[in-house]
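Me: I have just opened this one and would like a short tour. Could you take me through it step by step?

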Amino acid sequence: MPQRSVLSLLLPLAALLAAGGCATSPEPQRAPSAAELDAASRPAGQPYESVRPAETKPLSPLDDPSSPLYRKVVYFDYDNAEIQPQYLDLLRVHANYLYRTPGAAVTLEGHTDERGTRDYNLALGDRRADAVRRFMIAEGVPAEKLSTLSYGEERPADTGHNEQSWALNRRVELVY
Amino acid sequence: MKTHGRIPSSFLLLLGLIAVLLAGGAAHAKLTIEITGGVEGAQPIAVVPFGNIGDARPGVDVAAVVSADLARSGRFAPMSPREMLVTPHREEDIDMRDWQLLSMNSLVVGEISPSPAGGYMINYDLLDVFTGRKLLSGELPSTEKGLRNAAHRIADAVYEELTGEPGVFATRIAYVTSTGRGPKSRVTLRVADADGYNPQTIVDSADPIMSPTWSPDGRRLAYVSFENHQSAIYVQELASGRRERVASYDGMNGSPAFSPDGRKLAMALSKGGNPDIYVLDLGSRQLTQLTDHYAIDTEPAWSPDGSQLLFTSDRGGRPQIYRVPVTGGPAQRVSFEGDYNAAASYSPDGRSLVMVTREGGRFRIVLTDVGGGSRRYLSNGSLDESPGFAPNGSMVIYATQNNGRGVLAVKPIGGGASQRLSQDSGEVREPSWSPLLR
């Protein structure tokens, strides 16, 4: 539907203009958001992601505080990407769930504390997420159910600048 | 209607133009600059307020901008206009004895006239107070909007004439800011003039933005963004706002660095299972893997001649700096002192490096020779990072903490005044100094 794709480009453009493009508007003008920049740069023929209707989820053990699957974070030592032994059981519970549950998939989000350089920490978070991924694959989880995403030090769980905060920030979160 | 498969480039240009208009109109918190170090040995100079010819009514005090630039460098101590006994605008109106009495070394005078083509013509002279000799005479056209930039270019010319090194007042700085926490947090990539004025938002996101870096022509920025829960490297043209996603592989996509000729982008990718250094040819889109090691390899930085890349690796157990030829081959370790050295980059002349080092649990900026020796600390914080040279090699910009808040700092290598750049609210980090803009 080539004609429609051009239209779909024009519609957000019109919204953009209405939002801040008018010079006489009393509203303060704003910078383009990342999504708008993409809209402006998107090649033709590439459709917009359709809006998915909200799914009504049945009660999941992942959200049940009494289930071992409720815990979804493992922590790491400083500048280290080795899984500590006390988290192996927790990861096995999740591996088992992923293995047995059709359609279940998880993103392993790697994080670090704020010490050291941002790009090195991005790589360290990647190593942590990958360590968990490898463990899950060794436990039999199909690789296609696992993806990794490192945020490095960009998304701290705790914003303090002390040992306690840093310990909480060196982690991999299992995001279903 | 097959022709609709591609958008005409003029349409894309229009979209880009709209993005620029939106960005240009946005009011943003300015970067505030404070001088934080001593100014011993600064040269006395008088920049006399420029005269206005005819009906020229410039909206910018050009001489004040020149003065502020020179003061910020730490190399000059400009006289306050209130202490001036006379305010000549032309060479023939100057009596050097007035300025000798005030112990000035140098004098800048100038005037601004309306240009027949619209805008202004700025004429200025730089004179040596002892000899009365004219060191520099310049003529610069400017629009009303371009007056600050014209003033920065005059300051650059004066600075270069008196110090022998190019000024960097007409350059820009890219940086990342963040405000708020949790779902309300915003991260923006901004570009401001080197004096903190004219901040422009390049990207605004609810997700992290990292590692902005300039193309050698100063027209594009590469950066890492986490939109849509994925890390990806983008290259964005500043003038049009158009951007392109150049790397979004499985795993980590980080640490972009333009080659000195602007044709290639070095980056760190973990698509092969662990972070390694790759080089992407931006023209042919060919991706070449440069390092292959089970350890972390990241933070590539090109040598000014484009033949070598520095990178950080923990292949020896702890992060250290290594060097590898761009054509491939074994990596050689560069840093040996200390158990944490990272984020190294070259000075423009290729003779020095700056990097982050850990010492006694503190992360500080250190200057070394190209071989990693002759270390000298440039910063004194505990979480200092993201160091990079100014394009004339005379200063290093880095990110630091001030009262628990992220700010930027500029440290002259030859000593003298330091600068602190902060925003009224929120954090500022990951500075990247533009190349010299012509």
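**A walk through chain B**

Reply: B:Arg285 is placed in the loop of chain B that runs between β17 (276-281) and β18 (287-289). Helices (H or I, at least four residues) and strands (E, at least two) are DSSP runs, numbered from the N terminus. The model is predicted: local features need pLDDT of at least 70, side-chain atom pairs count only at pLDDT 80 or more, and totals for chains, interfaces and linings use all residues. Residues are numbered from 1 along each chain as its sequence is written, and chains are lettered from A and ligands numbered from 1 in the order in which they are written.

Me: What is the phi of B:Arg285?

Reply: Phi of B:Arg285 is near 65 degrees, a positive value in a residue other than glycine. Most residues other than glycine have a negative phi.

Me: Is B:Arg285 buried or exposed?

Reply: B:Arg285 counts as exposed because it has 8 C-beta neighbours inside 10 Å. With C-beta atoms placed from the backbone, a residue is buried if 20 or more other C-beta atoms lie within 10 Å of its own, exposed if 12 or fewer, and partly exposed in between.

Me: And what about B:Ser103, where is its place?

Reply: B:Ser103 belongs to the loop between α3 (96-101) and β5 (106-114) of chain B. Its phi, near 60 degrees, is also positive in a residue other than glycine. B:Ser103 has 9 C-beta neighbours inside 10 Å, so it counts as exposed.

Me: Let us step back. How many helices and strands does chain B have?

Reply: Chain B has four helices and 31 strands. Its C-alpha trace spans about 70 × 65 × 40 Å along the principal axes. Of the 438 residues in chain B, 48% are buried.

Me: Which domains is chain B divided into?

Reply: There are two entries: domain 1 (41-163) and domain 2 (172-433) of chain B, with bounds that come from an automatic or database domain assignment. Their C-alpha centres lie 36 Å apart. Six residues from domain 1 of chain B and seven residues from domain 2 of chain B take part in the contact, where two residues are in contact if their C-beta atoms, placed from the backbone, lie within 7 Å.

Me: Which helix gives the largest share on the side of domain 1?

Reply: Helix α2 (residues 62-72) of chain B does, with three residues on the side of domain 1 that touches domain 2.

Me: Where does B:Phe169 lie?

Reply: B:Phe169 lies in the loop between α4 (147-163) and β8 (172-179) of chain B. B:Phe169 is buried, because 26 other C-beta atoms are within 10 Å. Not counting residues up to four places away in sequence, B:Phe169 touches B:Asp69, B:His152, B:Ala155, B:Asp156 and B:Ala194.
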